[in-house]
Amino acid sequence: MSLGICCQWLEPRTKRDGSIVYENCIDEKSLQLGMFKQGKYSAERIRETYHNNVDEHVRIFPKLIENNIKSFRLSSSLFPLYEFNQTSIHADTVLSAKLKKLGDMFNHAGIRVTTHPGQFCIINSDSDSVIQNSIRELEYHAWIFDRMGLSQTQYNAINIHGGKRGNDKKLIETINKLPDNVRNRLTLENDERCFSVAQLNEVSKETSVPIVFDSHHHQFNLDGLDVHDACHLSIDSWKRLKTDFKPLQHLSNTEPGNENGSFADRRKHSNYIHGIPKCQLDLALQNCIDIDVEAKMKNLAVLKFRNEFGIIN
């Protein structure tokens, strides 16, 4: 199995007072919407930002190899303000070549690449404009994956939540109309309030979109399923694909000391992994699933978890 790193690679930095802080060594640049609308960014500045963000992933790639990382979640912020600069991005053949180089590196090393668009990607909203914006967001991620030469399958998952509670029919309807390069990569993740594993399973039956089981979210939204049954129901959704790649799951914990706190405190991700449901651990040890570790200490949490629980990639 593979333990996935989510978007960042942390390394220590010693401050002047001797204390140590951990910072993301992927120097991904951003662009601010307000500054952009005021005309503060030149075309060259925007281009440099996009090239830098791809170059930074190429630069840190050896760290993935050295640490035997076999799954990596690509940041959704690779091309900030993409929607305003889509024409220039698509016309930039050098940028496309860099994306292809990065994709070839991942493919050659056998590293699974996934992505997780943000919370405002809601394809079953009551608002048609929100749905259309969300579809454009998904198309943005699919375009990047296409340029990288990544498979149009859920091996290279574009993972989203179910969206607006109760809008199951609209979710199914929108999924079935998505472009192939989006739909063929789409996965649905259970969440704490709106869509349980049981609810997503009904959507999966109608769309063949598999479920990314999040064991941390599940404890807030059981919907009649214990963790073992929910975990294996999600596995069944991947079997419908009739492929040989492993299901993707998520793992995180409540920070120790917050177990009896508010809903908001309990749902926050911990720095490290200190527990895993037995069903998830068994599947991991049997090399039956890949797990994105959603802990705040990123790679440090993955390496610590791997050692403490005896998991070998």
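**Close-up 1. Helices and strands that line the largest pocket of this predicted model.**

**Close-up 2. The centre of the largest pocket and the residues around it.** In the predicted model, the largest pocket has a volume of about 1,100 Å³, and its lining is made up of 39 residues. Of these lining residues, His116, Gly118, Gln119, His161 and Arg267 lie nearest the centre of the pocket. When the lining of the largest pocket is divided by class, it has 13 nonpolar, 13 polar and 13 charged residues.

**Close-up 3. Helices that line the second largest pocket.** Helix H3 (86-91) and helix H5 (128-148) each supply at least two residues of the lining of the second largest pocket. The most is given by H5, from which eight residues of this lining come.

**Close-up 4. The centre of the second largest pocket and the residues around it.** The second largest pocket holds about 680 Å³ of space, and 21 residues form its lining. Those that lie nearest the centre of this pocket are Glu83, Asn133, Arg136, Glu137 and Tyr140. By class, the lining of the second largest pocket comprises nine nonpolar, eight polar and four charged residues.

Note on methods. Residues are numbered from 1 along each chain as its sequence is written. This is a predicted model: local features need pLDDT of at least 70, side-chain atom pairs count only at pLDDT 80 or more; totals for chains, interfaces and linings use all residues. Side-chain values use heavy atoms; hydrogens and water are left out. On a 1 Å grid over the protein atoms alone, a cavity is a set of points where a 1.4 Å probe fits but cannot get out, and a pocket is an open set with protein on both sides within 12 Å along at least five of seven lines; lining residues have an atom within 4 Å of a point. Grid points are joined across faces, edges and corners, and a volume is the space filled by probe spheres set on the points. Helices (H or I, at least four residues) and strands (E, at least two) are DSSP runs, numbered from the N terminus. Ala, Val, Leu, Ile, Met, Phe, Trp, Tyr, Cys and Pro count as nonpolar, Asp, Glu, Lys and Arg as charged, and the others, Gly among them, as polar.
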